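Here is a friendly briefing to read alongside the model. Have the structure open as you go.

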Amino acid sequence: MGGALMHSPYFLTILTFLPLAGTLALLLLPSNDHMWIRRVALVVSLLEFALSLLLLRGFALDSAAYQFVEFRNWIPTPPIHYHLGVDGISLFLVLLTTFLTPISILASWKSINQHVRGFFISLLVLETGVIGVFVSLDLFLFFLFWEAMLIPMYFLIGIWGHERRIYAAVKFIIYTMLGSILMLVAMIWLYQVTGSFDLQQIQTMLVTGQVTLSLRTEILLFAAFLLAFAIKVPIFPLHTWLPDAHTEAPTAGSVMLAGVLLKMGTYGILRFCVPLFPEAAHRAAPYVAVLAIIGIIYGALVAMVQPDLKRLVAYSSVSHLGFVVLGLFAFDPTAVQGALYQMLNHGVSTGALFVLVGMLYDRRHTHLIPEYGGLATPMPVFAAFFLFVSLSSAGLPMLNGFIGEFLILNGTFLHHMGWAFAGAVGVILSAVYLLWAYQRVFYGPVTKDENRTIPDADHRERLILAVMAALILWMGIGSVSFTRRTEASARNVFMLMQRPQAYNARVASVPSHTPFSGAARSGGVR
Amino acid sequence: MFPPREDVLRLLPEIILTLSGILLMVIEPFLNRARRKILVSLAAIGTGLALASTVYPALHPGTAFSGVLRIDGFSVFVQVIVQAVALLVVIGSADYLDRERIQHGEYYALILFATVGMGVMASAAELMTAFVGLETSSISTYVLASYRRDVPRSNESAMKYFLLGSFATAFFLYGIALTYGATGTTQLALMKFPTASGAEHLLDLGLALMLVGLGFKIAAAPFQLWTPDVYEGAPAPVTALMASGPKAAAFALLLRILATVAAAGTFWFWALWISAVLTMFVGNFAALAQSNVKRMLAYSSISHAGYILVALTAAAASDQVALGVAAVLYYLAVYALMKLGAFIFVSQLGGESERHMEIDDFRGLAMRQPVAAACFALFLLSLLGLPITAGFLGKFYIFTAALASRLIWLAILLAINSVIAAFYYLRVIVVMYMCEPNQSWPPVPMPWAVTLVLTIAAAGTFYLGLFPGRVMALAMQAALSLPGR
């Protein structure tokens, strides 16, 4: 059965839209039957995860080409295709999404009691949107998923979030829209020049020199794309929506937001910004790297002084994603591999941290660190898991975080020693803020009476945490099983950055392709 | 003396509409109050037949009545839009009129006559004919705006609309006169060059005045001032009609002049550019400050006129007129669907004498009436232009047209405006979905007729948002069917 599905020409379509189909099942259930709604949502998401594992089985190792490709005509004018495919860059991001969705559903098992059906529908629609972003190979299709996925996230924050949820939800959506609408303009501009919305086609045209962008055009297009992605990542100073959105979102929302939504930004940089506009990327690299380093250090410093545990984790995301961006703009295959790996690490570790913080919130309804203290006594199992995840996030060797940071710093060091040094400061700081927070929450005497009787992790919570901890450990010691699948694609990015002639020799040419040309015009009566 | 058969058949939709309107007026006195509902069915059948009969002009394009009308793909496209709008408004009005106790045949007749006028505007190849169409549609809508006779706001609305609208048509008429003076003809196709030397300025002035007149009708800044008051005061279904139908017809006329008269393209370009920018910003910023849903939607339709003006500017700018025209046409279809859906929804939810029109009245609507709220949210998201809704593709085509004409700044300003607009559309969604329910009024039942209209509008919003291919091809054909400069 699995094999048949895997070889089906619709495999990626099924993978993308299965969660959406699952929402139909949820709509058939009565809206007050909360238990069955949760169960069906969980089954759908587990089925989706199982399906996505087939990707691993069918994925050819040494190929940088897109696999499981689907290509169908969709809109005739302008030519837009339904073009899906997976390569080493998107493979694990898809898996991360399908992995974190059941985790999110399990994590919200008890904490969501209002409008339960709407909640799980939003979560599943979000999953479809995010997977769609990662598998789309047509700019238009990509944009469609990119924007469409805002709506479920907006509802997740706005309806099921905490006190300032509406402010956070609106801020989130407006920030993202501001960046992405300019990206749309850039996409259409690119289409005017190349006559295509197809990523592969455009890429081929650029690599073979069939189409050349003038430097000015390239820089403008790069800037528009980068702005959209930088807001999503977020790169300092565009990060201000993130702490609010993360803090106000319900646990599942934070997990998905930190786990996969931020990766859409770094994925976009790696998939579009760098290979499509290499010269602009090279010129911008020093500036972006400086912003990334500021983000690493600033995020860590702000995280250190946060009294709010969830905000602390949110700012740690700014810091960690700074590493990813640094790795991407070092233009080194090792660093790119590291950046890819760090995206996954951050998804799993920070996802787990948000789950843990959410569990504390379920018990005490506060995120404030001073409200806790000495929790290791009443909840030893929980404390152990928390420590394990914190250490992974801080980059302890043998755990996942270390591999990513090491690869990034290693690759960066070869080209830009200074960047690597500055980045390394962030590694130290991350240990400081995480362990300090851990110490304040779990060690020492129990300071509040409410905390004496606080229950330890129950079976459901232990299951979630054990699965995540196992993955963290596996990614720490078995990293080869990941990197050998991403290697070919990471190297391929540098092939795609090749251009046939040097930039300075180029005339500022704007090819005069005109859309809707040919058939449409000649058929008229003009 | 009788005109040739083809000419009559080409005008078949308008003839059917006119006859249905007359029939409605004649038949009404013979019906007692209880049986007035028949009028809706008659009006709907009449409009439906007219809509169906557009097949003939679509298959047999050509001129009619000594060349005063030019029935081509373009005119048919616009006629289908305005007649579909009329049909949906007729169906969606029935329950509203019952509730307000103004169920009369003349209401439907006026809608039908207005539609005739719009159809003539869309197909006029000659300026006097265009003027007659404009007046037919305008006068009918003046009366419709005041249809809640005993409500002062409705009267105020009609009065403002009438006075300012009369000014606008006067400008338009004077423009025609000057153009005639300059070129010696009112036939658009013959208006290539001024006949007398030194008449260029006369032609320019004539064109400017015509632009002013039509600018009023499409609510383009700086001629948009009447819109919020009139839209707010008029009965909500009439607002649905005004916001989508006459606007489409006026844009059609603008396009036809633009595409036919060479001087218009060059002379109008900067006026259109500035007006587009002004209209977008004025509409969006004013909408931000509104607390009344109807007024907010009124300002939002001003901003949408601005978006369409961007495409119009693109048509005026380049030799790629067809691309801009097709973008305008596609957006008109999209816009009519979503705006009509939103206003019909509001007309029903507003309750008796439109009591619940504040945004705050919609608090927690999603908990009380989830399906209705989802439907309204869909229209709002489409107006906002989020993907998988029609509004996104409409905007996408406008962007494409603008960038094809190298109007990069205009495209960027349009992008910025889309984000500004997000604030007020999202606010309504926030109120509906994220606030505690407002229990001060009972849930409003959705009668089947309104449900039908909303379903069609919602389905259309999805269809045009996901599968634009067919309609865009038609819009492109329509654009290419224009005579060309």
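Let's begin with one residue: Met379(A) is buried, as its relative accessible area is 0% (buried means under 20% relative accessible area, exposed over 50%, partly exposed in between, with a 1.4 Å probe and protein chains only). This is a predicted model, in which local features need pLDDT of at least 70 and side-chain atom pairs count only at pLDDT 80 or more, while totals for chains, interfaces and linings use all residues. Residues are numbered from 1 along each chain as its sequence is written, chains are lettered from A and ligands numbered from 1 in the order in which they are written, and side-chain values use heavy atoms, with hydrogens and water left out.

**Around Met379(A)**

- Met379(A) sits in the loop between helix H15 (333-364) and helix H16 (380-394) of chain A; helices (H or I, at least four residues) and strands (E, at least two) are DSSP runs, numbered from the N terminus.
- Setting aside neighbours within four places in sequence, Met379(A) has contacts (heavy atoms within 4.5 Å) with Leu360(A), Arg363(A), Ile454(A), Pro455(A) and Asp456(A).
- Met379(A) and Ile454(A) are 75 residues apart in sequence, yet their C-alpha atoms are 7.2 Å apart in space.

- Thr247(A) belongs to helix H11 (residues 241-248) of chain A and is buried at a relative accessible area of 5%.
- A polar atom of the Thr247(A) side chain lies 2.3 Å from the backbone oxygen of Pro243(A).
- Not counting residues up to four places away in sequence, Thr247(A) touches His162(A), Asp308(A), Lys310(A), Arg311(A) and His367(A).
- In helix H6 (residues 139-148) of chain A, 10 of 10 residues are buried, including Phe140(A), Trp146(A) and Glu147(A).
- Asp138(A) caps the N-terminal end of H6(A), with a side-chain oxygen 3.0 Å from the backbone nitrogen of Phe140(A).

**Salt bridges**

- Over all chains there are 27 salt bridges, each a side-chain nitrogen of Lys or Arg within 4 Å of a carboxyl oxygen of Asp or Glu.
- Arg72(A) and Glu70(A) form one of them, at 2.4 Å from N to O; Arg72(A) is partly exposed at 32%, whereas Glu70(A) is buried at 2%.
- Arg364(A) pairs with Glu450(A) in a salt bridge, the closest N and O atoms being 3.7 Å apart.
- Arg364(A) lies in helix H15 of chain A and Glu450(A) in the loop between helix H18 (417-442) and helix H19 (459-477) of chain A, so this pair ties together parts that are 86 residues apart in sequence.
- In chain B, the side chains of Arg295(B) and Glu232(B) meet in a salt bridge at 2.7 Å, N to O.
- Salt bridges with shared partners join Arg153(B), Glu156(B), Lys160(B), Asp229(B), Glu232(B) and Arg295(B) into one network.

**Where the chains meet**

- The contact draws 42 residues from chain B and 42 residues from chain A.
- About 3,900 Å² is buried between the two chains, with carbon and sulfur atoms giving 81%; buried area is the accessible area (1.4 Å probe) that two parts lose on being put together, summed over both.
- On the chain B side, Phe396(B), Met434(B) and Leu480(B) lose the most area to chain A, together 17% of what that side buries.
- Between chain B and chain A there are 0 salt bridges.

Note on methods:
Polar contact = N/O pair within 3.5 Å; in protein donor to acceptor, adjacent residues only side chain to side chain.
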